[in-house]
Amino acid sequence: MTLQIYNTPYKKKHPFNPLNGNNVGMYVCGVTVYDMCHIGHARSLIVFDVIARFLRRKGYKLTYVRNFTDVDDKIIARANSLGKPYNEISERYIDEFITDMDILKVRPADIEPKATEHISQIIEMVRMLEDKGLAYAADDGSVYFSVSGFRGYGKLSGRRIEDMIAGTRFDVEEAKHDPLDFAIWKRSKEGEPSWDSPWSKGRPGWHIECSAMSTHYLGHTLDIHGGGRDLIFPHHENETAQSEGAFGSEFVRYWIHNGFVTIGGDKMSKSLGNFLTIRDLTKEVHPEVLRLLLLSRHYRSPIDFSKEAVSSSQQALVRFYEMLDRIRKSPLKDGDSVLAGIMTAFDEHLDEAMCDDFNTAKAIAHLHDLTTRVNKVLDDNPCVSPEDKTSVSKSVADISDILGILEEDPSPFLEMIKRSGISEMGLTQTEIEKLIDQRNAARKARDFTKADEIRDTLKSRGIVLKDTPEGTSWEKG
RNA sequence: GGCGGCAUAGCCAAGUGGUAAGGCGACGGUCUGCAAAACCGUUAUUCACCGGUUCAAAUCCGGUUGCCGCCUCCA
C-alpha cells in the first residue's frame with residue numbers, strides 16, 4: 001500500500017515520495033519551554049509520534065528531529081518574574097517535557113536540538129541572508145528579513161502580500177523597512193540572554209532557529225515538516241522564506257499540520273484559561289485512554305475535549321482489553337486456526353487506513369470491528385488454537401507499535417481501571433467482596449430477593465456485578 | 001477588515017464523484033434465577049440551506065447561514 005500524505009500548501013493528498021530513496025528527514029516544531037505542556041501539545045506530539053512510528057514500520061529510514069525553543073521572550077519574561085536566570089526555566093521545563101513524553105509513551109525523536117546550542121548555525125544563516133540582500137541590519141543592531149525581496153512569500157499559507165499589508169492591525173516597529181519584515185536576530189536588552197554576533201549582542205528571532213536547525217541536521221530540503229495548524233502563519237511561512245532565500249532550494253516537500261484540541265469548541269489557550277496540563281490530566285486518566293482519545297479523530301480535524309469524550313475513550317479501551325483478556329484466558333485446543341482469517345484481514349485494513357494520510361480514526365474503527373469478530377468467535381467456541389493466540393498477539397503488537405496503545409498486560413490493566421476511584425465512592429475492596437459473598441450465599445439458598453437487594457445496593461454506589469461461570473466479578477458502573 | 005477551515009443520526013465520528021464505516025446511547029432478541037458482559041437485529045432514502053455541473057455528488061462549482069481558526073505568542 002502506498003502512503004498518501006495531505007500536503008498543506010496544495011490542500012490535497014499526494015503519494016509520498018522521499019527525496020533520497022528510503023531515507024526520510026522529518027522536522028517537527030517542538031515546544032517553547034516556559035511552562036507545563038497541555039493536551040494541545042500532547043496531541044501534536046502524539047500525532048507526530050504515530051507518524052514517525054508508522055513511517056518506520058513502512059520501512060523508511062527516518063531521521064526525526066524535534067526541537068526545543070529554549071530562548072525566547074516568554075521564557076525571559078517568566079524568568080524575570082521569578083527572579084531566576086532564563087536557563088533555569090528552560091532546563092526545568094525540558095525536564096518536565098521529558099517526563100510528560102515518558103508518561104504518554106511518546107518516543108524520543110532521533111535528534112532533539114536546542115536553539116541555544118545552535119547559535120553559530122543561526123548566525124551563519126543570518127549572514128547568508130544578509131549577503132544575498134534578503135536581510136538588513138537596523139540601526140539598533142537587530143536584523144530583519146526583507147519579505148519584499150523574497151518571491152513566493154505567502155505560498156504556504158495561501159496569503160497575498162497585498163492582503164496582509166491591508167490587514168495589518170499592529171503598530172509597526174520603526175526599525176523595519178516594511179511592516180511584514182520580521183526579526184531574525186534581536187538585539188538583547190541589558191540583563192537578557194545574549195550571544196555575540198556581527199550585528200549586536202543578541203539572540204535569535206523566533207523563526208530562524210527552526211530553519212537553521214532543520215537544515216543543519218536534515219539538509220536544505222526536508223521531506224516532512226510538521227507542527228500545529230497555528231504555526232502555518234507566520235512561523236512556517238517565515239521559515240520557508242528564510243530557508244529558500246538562504247539556500248535557493250525547495251525547503252519542504254510535505255507540510256503536515258495537526259488540528260487543535262478545543263474545550264467547549266474554543267481553542268485551548270492561556271488567555272482563555274481553559275487549558276489542561278498533561279501532568280494533571282494523567283493523574284486521573286490512563287495515558288492510553290488519552291492516546292486513544294486524541295487518535296480517534298483524524299489528525300487534521302479539531303477535537304473537542306470533555307469528560308464525556310474521556311469516558312467514552314476509556315470505555316472503548318476497556319472493550320479492547322477485555323477482548324484480549326478473553327483470548328489470553330481461553331483454553332487451548334488442537335486443530336485449525338479460527339482467527340487467522342480475521343487477523344489477516346485486520347492487518348491489511350490497518351495498513352490501508354494508516355496509508356491514507358495516517359487515518360488513525362479509521363484504524364481504530366477497524367480495531368472495534370476486530371473486537372466484535374473475535375468476541376463472536378469466542379462466544380461460539382471458547383477454545384482457540386495456539387496459532388490463534390500467536391496471530392492475535394502479533395496483530396496487537398502491531399497496533400501497539402503504531403498507535404502506542406494496548407501495551408499493558410490485560411488483566412492487571414482491567415483490575416487497575418476498575419479499582420481506580422472506588423475509595424471516592426466510600427467503599428473498600430474488602431467491603432465489596434464481603435457483600436458479593438453474602439449475595440452469592442443468598443443466591444445459593446435461592447433467596448433472590450435478598451441477592452438482588454445486595455446487588456442494587458452496590459449498584460446505587462456505582463459498583464456493577466457480573467456473574468460468570470468463574471464466579472462473580474465487579475467493576476465501576 | 002483580510003485569509004483559511006468546518007457543518008454527516010440523540011451524541012462522538014469515517015468517508016473528497018459511484019449510491020452513507022465504526023463507537024456510545026436507545027429499543028427488540030439469544031444467554032441469565034433476574035441482571036451484567038458478550039453476541040445478533042433495529043436505529044441517517046440521507047450528509048446545514050439554496051442553486052448549478054454530471055449518467056451519477058455528502059463528495060465538484062456558485063451563493064446563503066452558522067461555528068471555529070489564523071492575521072500578535074501559540075501544538
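I began with Thr-372, which is partly exposed because its relative accessible area is 43%, between the 20% and 50% cut-offs. I keep in mind that this is a predicted model.

Next I looked up where Thr-372 sits: it belongs to helix H12, which spans residues 360-380. I also checked its distance to Val-285, a residue 87 positions away along the chain, and found 25 Å between the two C-alpha atoms.

Then I turned to the RNA. How many residues surround RNA strand B? I found 52, and the closest are Lys-74, Trp-206, Gly-228, Arg-297 and Arg-455.

Which element gives the largest share of the surface near RNA strand B? My helix from the first entry, H12, does, with eight residues. Other elements supply at least two residues each, including helix H1 (39-57), strand E9 (222-228) and helix H16 (448-460).

I sorted this surface by class and noted 21 charged, 19 polar and 12 nonpolar residues.

Last, I looked at single side chains. His-41 has a polar side-chain atom 2.8 Å from a phosphate oxygen of RNA strand B.

Definitions and conventions:
Residues numbered from 1 in each chain as written. Chains lettered and ligands numbered in written order. Predicted model: local features only at pLDDT ≥ 70, side-chain atom pairs only at ≥ 80, totals over all residues. Heavy atoms only, no water. Helix = DSSP H or I, 4+ residues; strand = E, 2+ residues; numbered from the N terminus. Buried < 20%, exposed > 50% of the residue type's maximum accessible area, 1.4 Å probe, protein only. Near = heavy atom within 4 Å. Polar contact = N/O pair within 3.5 Å; in protein donor to acceptor, adjacent residues only side chain to side chain. Nonpolar A, V, L, I, M, F, W, Y, C, P; charged D, E, K, R; others polar.
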